[in-house]
Amino acid sequence: MLKRNRSLRNLSAIASISLVAGCGVLSPDTSEEDGPVVVGTTSAPSTLDPAASWDGSWELFRNIYQTLLSYPAGASEPEPDAAESCRFTDDSNRTYSCTLRDGMSFSDGHGLDAGAVKHSIDRIRKIAVDGGPAGLLGSLERVETKGDREVVFRLNKPDATFPFVLATPAMSIVDPEEYPADALREGGEVTGSGPYGLSSYEEGQEARLVRNDNYKGSADRKNGAVTIRYFQGSDEMVAALKDRKIDVTLRGLAAEDVVDLQERRSKDDLQLVETAGTEIRYLVFNPKDPWARRAAVRKAVAQVVDRPAIAHTIYKDTVEPLYSMVPRGLAGHTTGFFDDYGSPSTSKARQILLEAGIAEKVPLAFWYTTDRYGSTTKPEFEELRRQLNATGLFSVTIKGRPWKTYEAGYRKGEYPVFGRGWFPDFPDAENFIAPFVGEQNALGTPYKSPRITDVLLPESRRESDRGDVVEEFEKAQDILLDDVRLLPLWQGKQYVAASEEISGVERSIDPSTIMMVWELDHKTSW
């Protein structure tokens with residue numbers, strides 16, 4: 001476990017000295033009157049090392065580290081950031097080259113060159129954290145450098161999605177002098193080249209970001225400092241917003257709070273911004289469990305789950321029922337689970353079980369995280385338990401854990417059935433299928449599906465025009481539908497609540513639903 005607090009307090013002290021002395025590495029560039037923009041979220045980082053994270057930690061990474069490509073405000077395709085230019089240099093989408101901006105450096109003053117980029121990508125694969133971002137690099141053969149500024153990625157198969165992968169915060173560039181090639185960084189210090197530096201950090205409580213004067217990239221910072229505060233639940237976070245203790249909420253608004261904000265925002269001088277979302281929630285069945293590994297059990301659960309009831313009763317229609325792993329709005333979306341199972345039916349579920357020789361009640365434990373996706377997660381799982389037990393076919397219990405222990409548990413295969421949320425790495429149907437299949441995946445639960453991993457995904461990656469790969473993704477979803485190893489539940493919308501005094505909220509969410517905090521500003525400072 002990273003010993004973050006002590007070391008980061010030391011880092012805070014060093015940063016404070018730099019600020020006072022005017023060293024020009026990290027500077028707040030904001031008046032005492034305005035202060036930093038304060039963002040609240042229920043999604044705290046699980047780690048500070050990009051090589052270990054394929055989760056919500058990316059929300060912090062996007063703002064303190066830098067990637068070769070990213071999404072500037074309004075962009076739907078990745079564009080150069082640390083890179084000056086990037087492109088495929090062959091017709092088969094197997095060689096991808098990036099040229100870095102000139103004169104790049106990290107926040108500590110160390111130079112950022114092509115060797116640092118190679119080091120950053122190579123260590124992800126060498127460390128290979130279980131369920132970590134190495135799973136994104138399955139098409140990468142090797143990384144080469146040409147001089148100090150050119151990086152060449154040799155792929156082992158055509159992969160038109162590789163630029164999207166490079167734009168994820170998992171591919172953050174780190175300082176080779178500070179981040180070991182074969183181990184995660186100890187102590188919790190952060191050295192990046194992003195728009196901000198991390199001046200102090202208290203795990204689960206607060207991250208203080210200040211302007212990185214060494215930054216060279218596409219972000220146009222509208223503020224000089226941002227403080228991110230981590231909350232256990234939506235009610236506490238919304239109360240802080242109303243009390244003007246925070247300026248913006250990012251992640252974790254409960255449905256009842258969204259409804260309340262919609263009704264009261266003018267009275268409370270608040271704004272509520274709704275954007276189209278591709279966030280999804282789904283259940284994962286563990287093939288090691290004696291009950292969850294049985295296809296009939298999984299199909300019976302699929303036959304009983306009432307998505308519209310969850311969306312309406314629990315989430316107050318702030319989410320939509322989802323019947324495929326690829327959400328609505330992306331090429332390749334289907335309604336397979338509705339087409340095959342229709343409306344919830346106890347009699348059909350009973351028949352599925354009886355045909356498999358299962359006459360007794362099926363005991364299942366459903367697990368959820370208590371602090372990752374907001375306070376509505378527990379009521380959602382209570383509703384799932386109610387739905388399943390009401391049939392008389394199941395004996396479902398529910399259990400919750402904080403994210404850090406919850407994540408470790410599902411990677412060890414401890415849970416028969418567990419809930420996960422997915423915020424896309426990049427806006428493409430590939431990212432709602434590929435991360436969940438194969439020996440090494442984002443779930444830490446091996447899912448062998450050779451037809452998907454060896455045929456359909458490689459075929460889709462040959463197509464630069466992502467609108468031309470619908471057929472491959474539909475076939476992949478047919479396989480997921482038949483297996484029912486993953487059971488989609490709902491698709492969310494993105495809601496950001498903020499004080500009326502804050503500008504830039506609409507521009508701040510990128511296509512992967514990560515907040516670019518540099519777009520936020522106090523209107524009174526104009």
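The model is predicted, so local features need pLDDT of at least 70 and side-chain atom pairs count only at pLDDT 80 or more, whereas totals for chains, interfaces and linings use all residues. Residues are numbered from 1 along each chain as its sequence is written, and side-chain values use heavy atoms, with hydrogens and water left out.

Asp425 lies in the loop between β18 and α13 (450-461); helices (H or I, at least four residues) and strands (E, at least two) are DSSP runs, numbered from the N terminus. With 3% relative accessibility, Asp425 counts as buried, where buried means under 20% relative accessible area, exposed over 50%, and partly exposed in between (1.4 Å probe, protein chains only). Leaving out residues up to four places away in sequence, Asp425 touches Trp54, Trp58, Leu136, Thr168, Asn431, Pro435 and Ser512, contact being heavy atoms within 4.5 Å. Between the C-alpha atoms of Asp425 and Gly444, 19 residues apart along the chain, the separation is 17 Å.

A cavity is a set of points, on a 1 Å grid over the protein atoms alone, where a 1.4 Å probe fits but cannot get out, and lining residues have an atom within 4 Å of a point. This second cavity has a volume of about 190 Å³, a volume being the space filled by probe spheres set on the points, with grid points joined across faces, edges and corners.

The largest cavity holds about 300 Å³ of space. Its lining comprises 23 residues, with Gly252, Leu253, Glu279, Arg281 and Lys493 nearest the centre. The elements that give two or more residues to this lining are α6 (255-264), β19 (486-492) and β20 (494-499). By class, eleven of the lining residues are nonpolar, seven polar and five charged; Ala, Val, Leu, Ile, Met, Phe, Trp, Tyr, Cys and Pro count as nonpolar, Asp, Glu, Lys and Arg as charged, and the others, Gly among them, as polar.

Strand β20 contains Gln494, which counts as buried at 3% relative accessibility. The side chain of Gln494 makes a polar contact of 3.2 Å with that of Arg251. Apart from residues up to four places away in sequence, the residues that Gln494 touches include Leu250, Val273, Glu274 and Ile509.

Leu250 is also in contact with Val39, one of the residues with the most contacts inside the largest nonpolar core, which has 111 residues. Such a core is a set of buried Ala, Val, Leu, Ile, Met, Phe, Trp, Tyr and Cys residues joined through side-chain atoms within 4.5 Å. Leu68, Phe153 and Leu209 are likewise among those with the most contacts in the largest core, and helix α3 (residues 114-127) gives the most to this core, with six residues. Another core, of 40 residues, lies apart from it and includes Ala255, Ala296, Ala300 and Tyr315.

Ala296 and Ala300 are also among the buried residues of α7. Because eight of the ten residues of helix α7 (residues 295-304) are buried, this helix is largely enclosed by the rest of the structure.

Note on methods. On a 1 Å grid over the protein atoms alone, a cavity is a set of points where a 1.4 Å probe fits but cannot get out, and a pocket is an open set with protein on both sides within 12 Å along at least five of seven lines; lining residues have an atom within 4 Å of a point. A polar contact is a pair of N or O atoms within 3.5 Å; within protein, one must be able to donate a hydrogen and the other to accept it, and residues adjacent in sequence count only if both atoms are side-chain atoms.
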